[in-house]
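Colleague: I have the sequence and the model open, and I would like to go through a few places with you. Could you start with the words you will be using?

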Amino acid sequence: MTKSDNVEATLEQLPETRDRLLKEIRKGIIGQDDVIEQLLVTLLAKGHCLLTGIPGLGKTLLVKTLSKCLSLGFKRIQFTPDLMPADVVGTEVVDEDPSTGKRSFRFSAGPIFTNIVLADEINRTPPKTQAALLEAMEERHVTVSGETRSLDAPFLVLATQNPIELEGTYPLPEAQLDRFLLNPVIQYLPIEDEIKMVGETTGLDREEPQPVLGAEDIISLQNLTRQVPAPENVVTYAVSLASASRPQSEKCDDWTSKRVKWGAGSRGAQALILAGKARALLSGRPNVSCEDVKFMAKSALRHRVLPSFFAESEGLDSDDIIAHLLEEVPQ
C-alpha cells in the first residue's frame with residue numbers, strides 16, 4: 001500500500017473515529033459542541049489550548065473527560081500563587097546512601113513529564129511560574145540544571161483560566177498567550193442543556209468514558225494534518241487577516257488602527273492554517289478552505305489581538321475587532 005493509499009484509508013476512517021470519540025466525550029460532557037470541536041482541532045494540529053470561562057462551567061471536567069478518551073499519560077497541575085517553577089518541571093534532589101554516607105544528585109521529574117498536562121487556573125499563579133511552561137510548549141523539552149530533557153510525544157497543554165476581571169488573577173504575558181494555538185471561551189449552557197446536565201449529574205454515577213485513540217494513532221493523525229494541502233488563496237487570506245490586525249500594517253484600516261494596541265503575529269497566521277487543516281480533516285475533507293479559516297478566526301486570534309484603551313472605552317473586545325476584520329478583509 002502506497003503512502004497515498006494510507007492517507008485515503010485514514011481519511012475514510014476519520015469520521016467514524018470522530019463519532020466514536022464524541023460518543024465517549026458525551027458520557028462526561030453535555031453541550032459545549034463548539035468547544036469540544038476546538039479541543040479536537042488542537043489535538044490534531046499538535047497545538048495547545050487555553051480555555052477561558054468563569055468558574056463552574058466545566059472547563060476542568062471537559063479536559064479530564066477528553067483525557068479519559070485517549071490512551072495517554074495525564075497529569076493535572078493546580079496553579080496557585082505559591083506554586084514554584086520547580087513544582088512544574090522538576091528539580092535536582094540529593095540522595096544519600098545510608099551505608100556509605102555518599103551523596104549523589106538525582107533528577108525528580110515534575111508533572112510536565114506526561115502527554116496531556118491540565119494547567120488548571122493557569123492565571124492564578126505569578127508570571128515566573130507561568131513561564132516555566134514556555135520552553136515545554138514551544139520546544140517539547142525542558143532544561144533543568146543545564147541539562148535538556150525531551151518530553152514524550154504527543155505532548156499538549158490544555159490550560160484553563162478565569163476572566164481577568166476576577167480577583168486573584170495574573171494576566172498571562174503576550175509571549176505566553178502566543179504559545180496557545182486556540183483560545184475557546186466557554187459560555188453558559190442553553191437552558192435545555194443545563195436542565196439535562198443538572199438532572200444527570202445529581203443522580204447515580206454516570207458511565208465512564210473509554211479510550212478511543214492511543215499515542216501512535218494521534219501522532220499519525222497529527223502528521224496527516226500537516227499533509228493537508230492549503231491552496232495559495234487560503235494561505236493569503238489567513239496572512240491578510242493576521243496582517244490587518246496590526247496597526248502598523250498597510251492592510252490595517254483606520255477603524256482597526258484606533259482600536260488595536262497590539263495585533264497578531266506570524267504565529268497567528270500559522271494557527272489559522274493549522275486549525276483550518278484540522279477542522280477540514282474532522283469534517284472528512286482533504287483540503288482546507290477559506291471557510292475553515294473564518295470559522296477558526298476568533299479562537300485563533302482573540303488572545304493575540306490586544307484592544308486599545310479607545311476600544312475598551314467603547315465596550316469593544318477582541319471578538320468585536322476580529323468580527324470587523326472578517327467583514328472587511330476579502331477572501
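Modeller: Buried means under 20% relative accessible area, exposed means over 50%, and partly exposed is in between, with a 1.4 Å probe and protein chains only. Helices (H or I, at least four residues) and strands (E, at least two) are DSSP runs, numbered from the N terminus. This is a predicted model, in which local features need pLDDT of at least 70 and side-chain atom pairs count only at pLDDT 80 or more, while totals for chains, interfaces and linings use all residues. Residues are numbered from 1 along each chain as its sequence is written, and side-chain values use heavy atoms, with hydrogens and water left out.

Colleague: OK, which residues in α3 are buried?

Modeller: In α3 they are Lys59, Thr60, Leu62, Val63, Thr65, Leu66 and Ser67. Helix α3 spans residues 59-68, and because seven of its 10 residues are buried, the helix is largely enclosed by the rest of the structure.

Colleague: Now Gln38, where does that lie?

Modeller: Gln38 lies in helix α2, which covers residues 33-44, and Gln38 counts as buried because its relative accessible area is 11%.

Colleague: What is Gln38 in contact with, leaving aside its neighbours in sequence?

Modeller: Taking contact as heavy atoms within 4.5 Å, and setting aside neighbours within four places in sequence, Gln38 meets Leu182, Pro184, Met296 and Ser299. With Ser299 there is also a polar contact of 2.4 Å between the two side chains. A polar contact is a pair of N or O atoms within 3.5 Å; within protein, one must be able to donate a hydrogen and the other to accept it, and residues adjacent in sequence count only if both atoms are side-chain atoms.

Colleague: And how far apart in space are Gln38 and Cys49?

Modeller: From C-alpha to C-alpha they are 8.4 Å apart, with 11 residues of separation in sequence.

Colleague: Let me switch to Thr256. Is Thr256 buried or exposed?

Modeller: Thr256 counts as buried, because its relative accessibility is 0%. Thr256 sits in helix α11, residues 254-259, and its side chain makes a polar contact of 2.8 Å with the side chain of Asp253. Not counting residues up to four places away in sequence, Thr256 touches Ala244, Ser245, Ile321, His324 and Leu325.

Colleague: What about helix packing, at what angle do α13 and α15 cross?

Modeller: The axes of helix α13 (residues 290-301) and helix α15 (residues 318-328) cross at roughly 150° and come within 10 Å. These axes are lines fitted to C-alpha atoms, for helices over the stretch in contact, and angles run from 0 to 180 degrees between N-to-C directions.

Colleague: Which residues of α13 and α15 meet?

Modeller: On the α13 side they are Lys294, Ala297, Lys298 and Leu301, and on the α15 side Asp319, Ile322, Ala323 and Leu326. By class, this contact has five nonpolar, no polar and three charged residues, where Ala, Val, Leu, Ile, Met, Phe, Trp, Tyr, Cys and Pro count as nonpolar, Asp, Glu, Lys and Arg as charged, and the others, Gly among them, as polar.

Colleague: How many aromatic pairs does the structure hold?

Modeller: The structure holds one aromatic pair. The rings of Phe107 and Phe113 have centres 5.8 Å apart and planes at 75°, so this pair is edge-to-face. Rings of Phe, Tyr and Trp (its six-membered ring) pair if their centres lie within 6.5 Å, and planes under 30 degrees apart count as stacked, over 60 as edge-to-face and the rest as tilted. Phe107 is buried, because its relative accessible area is 19%, whereas Phe113 counts as partly exposed at 22%.

Colleague: Last topic, the backbone. Which residues does a cis peptide bond join?

Modeller: The cis peptide bond joins Ala153 and Pro154, with omega at about -5°, and Pro154 has its place in the loop between β8 (147-150) and β9 (156-161).

Colleague: And what is phi of Lys46 near?

Modeller: Phi of Lys46 is near 60°, which is a positive value in a residue other than glycine. Lys46 lies in the loop between α2 and β1 (49-52), and at 46% relative accessibility Lys46 counts as partly exposed. Arg140, found in the loop between α6 (134-139) and β7 (141-144), likewise has a positive phi near 60°.
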